[in-house]
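Good morning. I will take you through one chain this morning, beginning with the overall picture and then turning to a few places in it. Please have a look at the structure first.

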Amino acid sequence: MAFLELDACTLSFGGLTAVRDVSLAVDAGELVGVIGPNGAGKTTVFNLITGVYAPDRGTIRLDGQRIDGLPPHRITQRGIARTFQGIRLFPNMSAYQNVVVGHSPRAGGLLGAVLDTPRAGDTRARIAAECEALLTLLDLTDRRDDAARTLSYGAQRRLEIARALATGPKVLLLDEPAAGTTPHEKREMMQRIRWLRDHFGLGILIIEHDMRMIMELCERITVLDHGEVIACGAPAAVRANPRVIEAYLGPEQS
């Protein structure tokens with residue numbers, strides 16, 4: 001059994017089926033990609049995993065335990081963290097404060113993390129040390145006290161990852177982590193994702209439209225089209241799959 005496993009998940013909104021019988025798996029220490037055309041259901045799958053939606057049918061398990069139907073904060077506490085396609089930082093808070101907020105599921109809630117109230121489970125010193133370490137890992141130490149809105153787009157992407165890591169995840173979901181970044185930043189992001197996987201032993205699930213990045217980075221790739229899985233396998237097999245070429249890659253990408 002994989003560490004994170006979706007089994008035949010279906011979700012509909014009214015008469016529209018967003019995803020149908022989607023199954024995928026991520027093991028500890030594994031890098032798995034999710035690709036497909038716009039509207040294929042990729043972000044919906046992330047929303048199912050993180051509890052934004054509950055599947056109409058199917059199950060989601062983390063470390064053998066069902067998590068479908070749990071509220072998002074409980075799923076975060078179980079060990080799943082995510083970033084977003086559209087960056088969702090607290091723009092007027094400092095980089096450091098944003099990471100501290102990420103620590104809040106382990107520190108008695110948001111106010112407990114920021115204000116160090118008695119609800120905080122860890123001491124303020126321990127929280128601070130962990131958050132400073134994450135800023136260092138993501139090359140943000142020199143922007144520690146700057147408001148998140150003043151950071152470059154690439155730095156904001158890294159800050160979102162630092163905040164997600166502050167929750168202490170076992171599985172990290174990255175929704176287009178390289179979107180809007182330069183080619184140099186994309187290359188650095190690839191190296192950073194591999195290092196984080198190895199250093200923390202994370203299972204990482206990635207949505208990404210940059211095909212060169214996803215093909216180089218991931219051991220396995222799941223392809224969605226119109227809410228259904230049309231292929232799953234190693235990058236070379238996915239790249240050569242006729243259904244994937246027709247639906248998404250096109251002959252020039254194959």
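The chain has 254 residues, and 51% of them count as buried. Its secondary structure consists of 10 helices and 10 strands. The accessible surface is about 11400 Å², and carbon and sulfur atoms account for 50% of that. As for contacts between residues at least 6 apart in sequence, 64% of them join residues at least 24 apart.

Now to confidence. The mean pLDDT of the chain is 88, and 89% of the residues reach 70 or more. Which elements have the lowest and the highest mean pLDDT? The lowest belongs to helix α4, residues 110–115, with a mean of 44. The highest belongs to strand β4, residues 57–62, with a mean of 97. Over residues 108–117 the pLDDT stays under 50. The model has 20 contacts for that stretch beyond four places in sequence. Where pLDDT is low, predicted coordinates should not be read in detail.

The buried ones are K42, T44, V45, F46, N47, L48 and I49. After α1 comes G51, with a positive phi near 85 degrees.

Helix α3, residues 95–102, is also mostly covered, with 7 of its 8 residues buried. Those are A95, Y96, N98, V99, V100, V101 and G102. How does α3 sit against helix α6, residues 153–165? Their axes come within 7 Å of each other and cross at roughly 35 degrees. The crossing of α3 past α6 is right-handed. On the α3 side the contact is made by A95, N98, V99 and G102, and on the α6 side by L159, A162 and R163. By type, the residues of this contact are 4 nonpolar, 2 polar and 1 charged. On the α3 side, A95, N98, V99 and G102 are also among the buried residues of the helix.

P91 lies in the loop between β6, residues 80–82, and α3. Is P91 buried or partly exposed? It is partly exposed, because its relative accessible area is 43%. Leaving out residues up to four places away in sequence, P91 touches A147, A148 and R149. P91 and A147 are 56 residues apart in sequence, and their C-alpha atoms are 6.3 Å apart in space.

Now for backbone angles. Most residues other than glycine have a negative phi. Which residues depart from that here? One of them is D139, which is not a glycine and has a positive phi of about 55 degrees. D139 sits in the loop between α5, residues 124–137, and α6. With a relative accessibility of 45%, D139 counts as partly exposed. Another is H226, also a residue other than glycine, with a positive phi near 55 degrees. H226 is placed in the loop between β9, residues 220–225, and β10, residues 228–233. H226 counts as exposed, because its relative accessibility is 67% and the cut-off for exposed is over 50%.

Finally, two pairs of residues that are separated along the chain. D27 is in the loop between β2, residues 16–26, and β3, residues 31–35. Its relative accessibility of 37% makes D27 partly exposed. D27 and L202 are 175 residues apart along the chain, and 8.5 Å separates their C-alpha atoms.

A133 is partly exposed, at 38% relative accessibility. A133 and A166 are 33 residues apart along the chain, with their C-alpha atoms separated by 9.9 Å.

To go back to the start: the model is predicted, its mean pLDDT is 88, and the stretch at 108–117 stays under 50. That is what I had to show, and I am happy to go back to any of these places.

Terms used: Residues are numbered from 1 along each chain as its sequence is written. This is a predicted model: local features need pLDDT of at least 70, side-chain atom pairs count only at pLDDT 80 or more; totals for chains, interfaces and linings use all residues. Side-chain values use heavy atoms; hydrogens and water are left out. Helices (H or I, at least four residues) and strands (E, at least two) are DSSP runs, numbered from the N terminus. Buried means under 20% relative accessible area, exposed over 50%, partly exposed in between (1.4 Å probe, protein chains only). Contact means heavy atoms within 4.5 Å. Accessible areas come from the Shrake-Rupley method with a 1.4 Å probe; for residues, only the protein chains shown count as cover. pLDDT is the predictor's confidence in each residue, from 0 to 100. Axes are lines fitted to C-alpha atoms, for helices over the stretch in contact, and angles run from 0 to 180 degrees between N-to-C directions. A crossing is left-handed if the near helix is turned anticlockwise from the far one by less than a right angle, and right-handed if clockwise. Ala, Val, Leu, Ile, Met, Phe, Trp, Tyr, Cys and Pro count as nonpolar, Asp, Glu, Lys and Arg as charged, and the others, Gly among them, as polar.
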